[in-house]
Amino acid sequence: MGSFKRIAVVFGLSAMLAPMVQAEDWKVAKDEDGIKVSLGEVAGSEYKAYRGVTLIKAPLAKIKALQEDVVGACAWIHECKSQKLLKTEGDQSWTYTQFNTPWPVTPRDSILHVTTIEDADGSLTRKLEGVPKYLPEEKGFVRVSKVEGFWKLTPKDGGTEVTYQVHTEPGGSVPSMVANKFVVDAPFNTLKALKAKAEKP
């Protein structure tokens, strides 16, 4: 990649990330097994944004490959019931996911537009944006109305630092107790399962 194009990509990424997950007052909610989960308030939303960070002792390329196996990734994404790739176009992809939810909450599904940016320093960022109208709604599921977030994979000595940050508007009615548990469990369990899979010889 030429230096001009590389600079354009880096600045383009900065502009792209700017409107994402404008959470404030981040507070650590869980710090176990080398995974730190923080929650932040989002203006105008009753749901908190979550951010999970961990160091995975595996090369970035291996984690990238695990993420790009969209069907297989369902095994390590928290409460994922099924997942499929809808479309790929260059550095962009569209995925459809169905989630399990605890009774009495109606199961959710979501459609994500994922944009992958390879940074000049060797790190990788995947921007996540919910596109709920991309497909008609499925019977028996409530479509997640808004998703904003990103994955960031950064090469570090001995492995890859992984950051997973998301704010979701789940759509429909979700009891606060369920919502508060989800924003901690989703990043923690997802990163814990991804870490176990990536570090497996």
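1. The mean pLDDT of the protein chain is 89, and 89% of its residues reach 70 or more; pLDDT is the predictor's confidence in each residue, on a scale from 0 to 100. Please keep in mind that this is a predicted model, in which local features need pLDDT of at least 70, side-chain atom pairs count only at pLDDT 80 or more, and totals for chains, interfaces and linings use all residues. Residues are numbered from 1 along each chain as its sequence is written, and side-chain values use heavy atoms, with hydrogens and water left out.

2. A contact here means heavy atoms within 4.5 Å. A word of care: where pLDDT is low, the predicted coordinates should not be read in detail.

3. On the overall layout, the protein chain holds 4 helices and 10 strands. These are DSSP runs numbered from the N terminus, with helices being H or I over at least four residues and strands being E over at least two. From the N terminus on, the order reads α-β-β-β-α-α-β-β-β-β-β-β-β-α.

4. Of the 201 residues in the protein chain, 45% count as buried, that is, under 20% relative accessible area with a 1.4 Å probe, protein chains only. The accessible surface comes to about 10800 Å², and 55% of this belongs to carbon and sulfur atoms; the areas come from the Shrake-Rupley method with a 1.4 Å probe. Among contacts with a separation of 6 or more, 54% are between residues 24 or more positions apart.

5. Now for the partners of strand 6, where two strands pair if DSSP finds at least two bridges between them. Strand 5 (residues 92–99) pairs with strand 6 in the antiparallel sense over 8 bridges, and W94 has H113 in strand 6 as its bridge partner. Strand 7 (residues 124–130) also runs antiparallel to strand 6, joined by 7 bridges, with T116 opposite R126 of strand 7. Strand 8 (residues 142–143) runs parallel to strand 6, with 2 bridges; there, V142 is the bridge partner of R108.

6. Finally, the hairpin of strand 6 and strand 7 has 5 residues between the strands, and in this hairpin G122 takes a positive phi near 95 degrees.

How values were computed. Buried < 20%, exposed > 50% of the residue type's maximum accessible area, 1.4 Å probe, protein only.
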